[in-house]
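Here is a short walk through the structure, one piece at a time. Have your viewer ready and follow along.

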Amino acid sequence: MDLDTERPEAAATARVPLRLVVISAAALWACYYLLTTMRGYVVGLEFQDELAGRRLLVTVAGFAVTLAIWPLLRQLEGRRLWLRITAALVVMLPAALLIATINALVFADMEEKVVSKIGEKQGVRIRRDEAGNVLVDVPDLPGDMPGPVEVTKPNGTKVVVSPPGARRPGGLVTIDSSVQAEAKWRQITDIALGRYFLLLAWAALYLALGYAESARAAERREGAYRRAAKAAELRSLRYQVNPHFLFNTLNSLSALVLTGKTQAAETMIQTISVFYRRSLAGDPTADVPLDEEIRLQRLYLEIEAVRFPERLKTAFAIPSELGDACVPGMILQPLVENSVKYAVAPLSRPVTVTIAAREEHGRLVLTVSDDGPGRGSDARMTGRDGNGGQAGNGWGIGLQNVRERLAARFGAEASVVSGSTGDGYATIIRLPLVRDGY
Amino acid sequence: MATDPEALVLRTLIVDDEPLAVERMQIICAGLPSLSVVGTANDGAAALRLVEALAPDLVLLDMTMPELDGLGVARRLANVANPPAIVFVTAHDSFAVEAFDLDAVDYVLKPVTPDRLDRAIQRASARRGQAKPGGEGGESSRWIAEFWVPHRSELLRIAVDDVTRIDAERDYVRLHVENRSGGGRSYLLLQTIAGLEARLDPARFIRVHRSVILRRDRITGLRHDGLGVWSVELVGEEAGAGAEPVRIGRTYLAKVKAMAGR
């Protein structure tokens, strides 16, 4: 039974497995890396090779931050959705800032390079003084040029640098460090916002994966439940041993004891013990070799023979080569019981109960028959027993039990036919022939 | 125990199709001074013949037998003049409704203990001292006078008069019984409520719902709840004894109203 192979906790709480978390985060950041690189080429940024290395560093850092956040999100697994969404919205904010800061640090020196390069292109010389102020030498410009200069930074954000006093022709423009710091923060915030949405996208993906996982877990649980229910059903069907059999048997046993037939009493006690031990032992849903099943029915008939010493005769026709064929345990019990109840008990004359097996086109055919009154007794069909008790353990119930068990075990592969044979009653079971140990 | 021990020894016939069961009963009976076994039979037909030939006071009757079973024998014996007392001996603890109106003295379960059998015999003795409740010769009432319900490891006799209410519960019915001291109990019985209704005296019991039969004297009034829904009010309702009003089923409404003369 594959119930045992599934760890119970795995079925209980659905967790997105670590592997999937890593893969999803890696895929997201790889996408980011590819897209920004492609954009770099399209836009025509300078220093592509140097930028690519740094971008990789930033991407890996982003990936690491994402993974670091994962345990926080995992804490809220199984909580309400709005709580988890809120948590993601809150937690991702500092994370995005962290990534943006890392971004700024990694690209800090590149920025200067790029800016001066752009400056050259525009005919502007850009340098830095000791205090950190940026000094831009602006040449005389024709007309109302220049407009605001758009600078694309290596990390992909655009900064509009509008030369102060653009209309002033020529001269030196000084951008002091406080303005620079402010610009830097704006830049980090801009980048952070971009990363924030990226991280939120991952959080959404993570939540979705989590829900998919819990849906799968629910499915698994339902499957396990169905299997358990089926096992329980088979078990209960199998244990429908007639309680009247038990009391009648105890009555016979008591008679043997009271009449001092100790040897017979002892033999009967042993037979009953073996019968009950075998019928109750083991996995109730498991199959048993036909030999074993026949042994059990022999025991049962031996016990009943003590009650009906003159009236119950038995016959067995089991080919030895079918001894290892697999049958559901106790499958013949209700049929043999019915023969005793509806053929032996109601007749004063001796009745023979026959159990036979044969192979037929690769299928196992089992027959339980008797030379009793046949269909004559309606009780067989209606399930009302001989003394008017209602459907306690009647023929109908017994036969239904066999049908249900075979259906549960083999589906349409097995069939049960029963009816009057002219000189008695017979039930024929056909089921797939499976040998023990294949 | 008695002034005239001779008169109290019941002449007894044992009937069972299983030889060992007969043997066992013989041994147990041998230990009881209150009866003497006059014969044994292995099937219903033999039992009837022996009753005619031996005129026993008591028959210990197995229920499950070939051809003519215990119930069949009892039914025939009910039509005999001066019939013997019947004690059913069975491994079953549930019967068809028909088993209740056979006027058996007792039902004992296999394997019966000597003590339990002795009690059954005492009841039979006591019964013989009285006039037959059902009247002489075959004119036995159509209605059940008592139930035999499984209780612990025994069958318990419940007089129909003590039953106040019967509820259907799946394959079972629950008999609500009020004993003389006013206390209540209930017992489950493997019966259908319809089968039971047919054997209950309609002058004493009335079905008010698909799953409820009430003893008429428990009903104190009818109540209209509106929209054609009616309920019966029960004894003990005011006293707060937990007797909730019972809704009347549509199909039973006319009959219940007729009871109130409407």
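In helix H3 of chain B (residues 44-54), the buried residues are B:Gly44, B:Ala46, B:Ala47 and B:Val51. Here a residue is buried if 20 or more other C-beta atoms, placed from the backbone, lie within 10 Å of its own, exposed if 12 or fewer, and partly exposed in between. Helices (H or I, at least four residues) and strands (E, at least two) are DSSP runs, numbered from the N terminus. Looking down the axis of H3(B), the buried residues fall within an arc of 150°, taken from the directions from the helix axis to the C-beta atoms, so they line one face of the helix. The face turned away from that buried side carries the exposed residues B:Arg49, B:Glu52 and B:Ala53. The cover over the buried residues of H3(B) includes strands S1 (10-15), S2 (35-41) and S3 (58-62), along with H4 of chain B.

This is a predicted model: local features need pLDDT of at least 70, side-chain atom pairs count only at pLDDT 80 or more, and totals for chains, interfaces and linings use all residues. Residues are numbered from 1 along each chain as its sequence is written, while chains are lettered from A and ligands numbered from 1 in the order in which they are written.

Now turn to where the chains meet: 25 residues of chain B are in contact with 25 residues of chain A, contact being C-beta atoms, placed from the backbone, within 7 Å. On the chain B side, helices H2 (19-30) and H4 (70-78) each supply at least two residues, and H2(B) gives the most, with six.

Definitions and conventions
Contact = placed C-beta atoms within 7 Å.
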